[in-house]
Protein chains: 2
Amino acid sequence: MDFSKLRNPGDVKKLSPKELEDLAKFCREMILKRTAVYGGHVGPDLGVVEATIALCRVFDFPRDKIVWDVSHQDDVWKMLTGRMEAFTKPEPYSVIGEYTVPGEAPEYDLFYAGHTSPSISLSLGLARARDLKGEKFNIISFIGDGSLSGGEAFEGLNEAAVLRSNFIVVVNDNQMSIPHDHGGLYRNLRDLRESAGAATNNYFKAIGFDYMYLAEGNDMAKLSEVFARAKDSDWPVVVHINTQKGEGYAPAEAHREEFHAMPPYYIKTGTPRSVDPQPDIASVTRDYLLAKCESMPELLIVTTSTPEIFGFMEKERRQAGRHYLDLCICEQTGVSVTAGAAKGGIKPVYPVAGTFLQRAIDQMIEDLSLDNLPGVLITFYCGVYGIPDATHLGFWDIPLLTNTPNLVYLAPSGFREYTAMLDWALKQDKYPVAVRAPFGPVEDAEEKPDADYGDLNKFKIIRQGSEVAIIAAGAFFGRGRETADLLKKNGIEATLINPRFVSGIDEGMLKDLEKNHKLVITLEDGCVEGGFGAKIAQFYGLSLMKVLTRGVPKKFVDRYEVDEFLKECRLTPAQLAEDIKKAIK
Amino acid sequence: MDFSKLRNPGDVKKLSPKELEDLAKFCREMILKRTAVYGGHVGPDLGVVEATIALCRVFDFPRDKIVWDVSHQDDVWKMLTGRMEAFTKPEPYSVIGEYTVPGEAPEYDLFYAGHTSPSISLSLGLARARDLKGEKFNIISFIGDGSLSGGEAFEGLNEAAVLRSNFIVVVNDNQMSIPHDHGGLYRNLRDLRESAGAATNNYFKAIGFDYMYLAEGNDMAKLSEVFARAKDSDWPVVVHINTQKGEGYAPAEAHREEFHAMPPYYIKTGTPRSVDPQPDIASVTRDYLLAKCESMPELLIVTTSTPEIFGFMEKERRQAGRHYLDLCICEQTGVSVTAGAAKGGIKPVYPVAGTFLQRAIDQMIEDLSLDNLPGVLITFYCGVYGIPDATHLGFWDIPLLTNTPNLVYLAPSGFREYTAMLDWALKQDKYPVAVRAPFGPVEDAEEKPDADYGDLNKFKIIRQGSEVAIIAAGAFFGRGRETADLLKKNGIEATLINPRFVSGIDEGMLKDLEKNHKLVITLEDGCVEGGFGAKIAQFYGLSLMKVLTRGVPKKFVDRYEVDEFLKECRLTPAQLAEDIKKAIK
């Protein structure tokens, strides 16, 4: 049987039980083949091989609908819905995304769903549409146990439980978030596993779902059986399956946390193909926070199940001990706990990906900022060197965080300034502070950065020049410096400014610049609309000063190549120098 | 006993059982006395009179800590924590806020907590701080059953359940959100009430809490007893109390939804003191949506338990029937369901307060915008005429919604344009669209607004002038028109523009304006930083055009008087005309 010829879920229905088992083996090989070259969510994908095949066998896609949560467990789904060649043939490897992408297979991939926990609510929308139109088909939310911790998943369950029509939630319980998950719900899932689904106080039954349990979540026949039981039900059903993250590949079974998401690796050993010898932001943050655990008895490091972004693997977490708190994938709670802990008189620091902080904007405004509590956040993966996937862009943090009151948002130019800013943020007790971790090839503006940032919104002139002032924020400081160097070769001595703050402007300095500058250009590593430069453009509205604001445009880009994208944004030093010369002509 | 002399919770401890009963009566009178004049959350406050007194009797505030959720149930709390005079003496009535306000009583009011569902997570932060410092005291989250539906409450429960120290959650179950609550959790609460707490599949026990139930949640003695049992526990406990919203005041007991929040009313009858005879935005929206229910078989009106904002009381909800969907207080799910329903091929429209939409920014970006689904939102209470309380400001919606891709945000000048825009939004199938409901004294820019807004970001010149162009967005269009009239009296014929869109700019028109204008002024009813005007200031950065952007400054204001505040912002037509004249001199 040549499985590489499978084109759609219907093809799976024709296979014999033996062929289905072989297909599972084939899919595993293909997952390894692709992820070894491109990296990927190896563990989640390996864990749901049988479940995905069984779903295709039992249900009638695309008539029936499925929403994956998080959708990075979709490799086999992609193989069986017309995208097999992305796995079997080396060339088109990169043409498919890591998540479900509606543009790739509109009938099958309904949503991107790249962030955790929306699947049940999205499915509810589909269900309401189906019911209003008087149609009949199955709707399945396929959700990992990790994703269940996010509040939106509960919201969806609460509402779905009272539907009087088909609604199937498959809980893919592999006992892992990115690290191990924990919390009251997870004790209940453990009780359910240990009692083969019979424990009293069943979370899903308490909310009102019919409930089915399957211990052998990597057994195709049994999966097919339990899915068939749930199929065409006219009421809400949870199918709780116990799966193994990384199933069938020894290194992934042994290192489940590392194999949640892997860079390119050697299949034989499971070791990454290359290790970056440069100190990166994760290890800088790790070393910084571990040292602080020693010197600050009242430090609390909060994470929402992404400790790997700041280099906290099992060893570091143990070392941090009671200074470390994982709140599951709950960014809303992450921010509120940060606010509460600051109110309680300790020093919370919450490192979080900027793209995930989008989930807690209300808590940023209502809990941290309105109460004006000195909690500290570190935003990761912001800017063009973050995660180049449409679902995880780090472009919107400056607009989302700097146009509401009180929060101080600092953008360090390099690693030294980064730790200096963190030092200040943790020492002071007046403001909520976020520090934007610098990503990409960054350089510090100064050998010795300031220790005190309490004089808010004071920019710093690094080189005094005239005619042109380059205000280069955060990770783009180096880009500004290079641009100034290029201009110098053209006889233009530009003033080079490290603003340090992106949440406010230095009106005194901006006013001064009017004396002998005719152009101010702002560079920011994020969306240029509603960002830092916009504040400066507004400030100079009535002045004769010309203002050029540069950053990333307001649009979604998917799987971009950074240097290409920077060119598209006219953000290379050569382009910037050229545009500056044109503007002052 | 003169209860008006009570100064702190300790004073309550000295009272006899008989006096405590009298105190409850006194508190009820005071609630009515104050809210009859100022309006307020009458029902929630009346429901927790006994519980609040019993808490003060049993616990040791301020050593013990409490977080109210939502904090608008805090009238008795305020009386017993040093703010009695705001109730007993007419004069200082207005000096206290509707929510807990840290500035009023720093030891007692820990957070504003004006939005639903953060209490458990905030308390978790306090608990982690307490435990890290090795302190011992009680921490209580006092949360309504309505607030339990918001995902963050679940997130907090999940994490709190595994604490090994004191953590008390009082579930104030009055069987109401703003309207009746519903969903799977609420069936479980009903089962628990009906079984006196003994039902199998207890939601709280499933998550891992110790659990106590009290049927008589308005019985002071029994409340004291159950609180005393929970006090000083070294593990997480839920105390589930069954209370009556509006208890002790017949009109509030009979009209529980209306009395959730009341305008000033006559105590004797429970009827509002005045009824606005003008058509307001709620009734315009109500009539519009009810008519659409008739003509659009695939319309789905989504609410997150605030149907009163668009005039849907019980009668209208029944009339809308299957076109109406209340999702509890779950804005994240509100947006995801809107996205899912649009994907499912029907026409969802989700009216929601702008201040609450802050809770679903990630879903706006990741579900609605990235998937580019034609769901429709209507944002309420945005701008200065929204809710003038620090916790519910409608100032941040434009920065939060217009600096990320795809979403089309329309700001109608008046009611006619409002319904025209809604018509288009519901008809088209290309974009996610939000329409900003116009609040305040608004006027339509045109007698007959356009029917089609598919040519995105086309501004409209309402009066052609020269030298000065006033771009007056949404509810501030009238303010722009008045300013133009004033200027005319001074011999300046300003161009008056209705931009209609606040999510993008009309580059062609802006370019044209350069020919015979030297100043563009933008007026927007919201935060001026990162808003609509900022986009225009950026556009003109290299041009000679002067730009003045006007709106609300980036700061929190609490219980402001609108006209005063507008003056502070230099937004009166007279101030605007003056500033324009100065700018073009």
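**View 1. Two helices, one from each chain, meet where H7 of chain A crosses H15 of chain B.** The axes of helix H7 (residues 119-132) of chain A and helix H15 (residues 331-343) of chain B come within 6 Å and cross at roughly 45°. Here axes are lines fitted to C-alpha atoms, for helices over the stretch in contact, and angles run from 0 to 180 degrees between N-to-C directions. Helices (H or I, at least four residues) and strands (E, at least two) are DSSP runs, numbered from the N terminus. The crossing is right-handed, a term for a near helix turned clockwise from the far one by less than a right angle, with anticlockwise giving left-handed. On the H7(A) side, the contact includes A:Ser121, A:Leu122, A:Leu124 and A:Arg128; on the H15(B) side, B:Gln332, B:Ser336, B:Val337 and B:Lys343 are among the residues that take part. Two residues are in contact if their C-beta atoms, placed from the backbone, lie within 7 Å. By class, the residues of this contact are seven nonpolar, eight polar and two charged. Ala, Val, Leu, Ile, Met, Phe, Trp, Tyr, Cys and Pro count as nonpolar, Asp, Glu, Lys and Arg as charged, and the others, Gly among them, as polar.

Before the next views, a note on reading them: this is a predicted model, in which local features need pLDDT of at least 70 and side-chain atom pairs count only at pLDDT 80 or more, while totals for chains, interfaces and linings use all residues. Residues are numbered from 1 along each chain as its sequence is written, and chains are lettered from A and ligands numbered from 1 in the order in which they are written.

**View 2. Chain A and chain B touch through 100 residues of each.** On the chain B side, the largest share, ten residues, comes from helix H7 (residues 119-132) of chain B. That side has 44 nonpolar, 35 polar and 21 charged residues. How can chain B be laid on chain A? A turn of 180° and a shift of 0.0 Å along the axis do it, with an RMSD of 0.0 Å; copies are superposed by least squares on the C-alpha atoms of residues with pLDDT of at least 70 in both. This is the relation of a two-fold axis. The same surface serves both copies, and 99% of the contact residues of chain B recur in chain A.

**View 3. In chain A, an open sheet of five strands has parallel pairing.** Its order is S1-S2-S3-S5-S4, and two strands pair if DSSP finds at least two bridges between them. At the edges are strand S1 (65-69) and strand S4 (210-214) of chain A, each pairing on one side only. On average, and with direction ignored, neighbouring strands are turned by 15° against each other. Strand S2 (residues 139-144) and strand S3 (residues 167-173) of chain A pair in the parallel sense over five bridges, and A:Ser141 has A:Val169 in S3(A) as its bridge partner. Helix H7(A) packs on this sheet, touching S1, S2 and S3 of chain A, and its direction makes about 175° with that of S2(A).

**View 4. Helix H7 of chain A also packs with helix H8 of chain A.** H7(A) and helix H8 (residues 151-160) of chain A meet at an angle of about 35°, with their axes 7 Å apart. H7(A) contributes A:Ile120, A:Ser121 and A:Leu124, while the H8(A) residues include A:Glu152, A:Ala153 and A:Leu157. This contact has five nonpolar, two polar and three charged residues.

**View 5. In chain B, an open sheet of five strands has mixed pairing.** The order is S12-S14-S13-S15-S16, with strand S12 (460-463) and strand S16 (546-552) of chain B as the edge strands. Strand S13 (residues 467-472) and strand S14 (residues 495-498) of chain B pair in the parallel sense over three bridges. Helix H24 (residues 573-584) of chain B lies across S13, S15 and S16, running at about 145° to S15(B).
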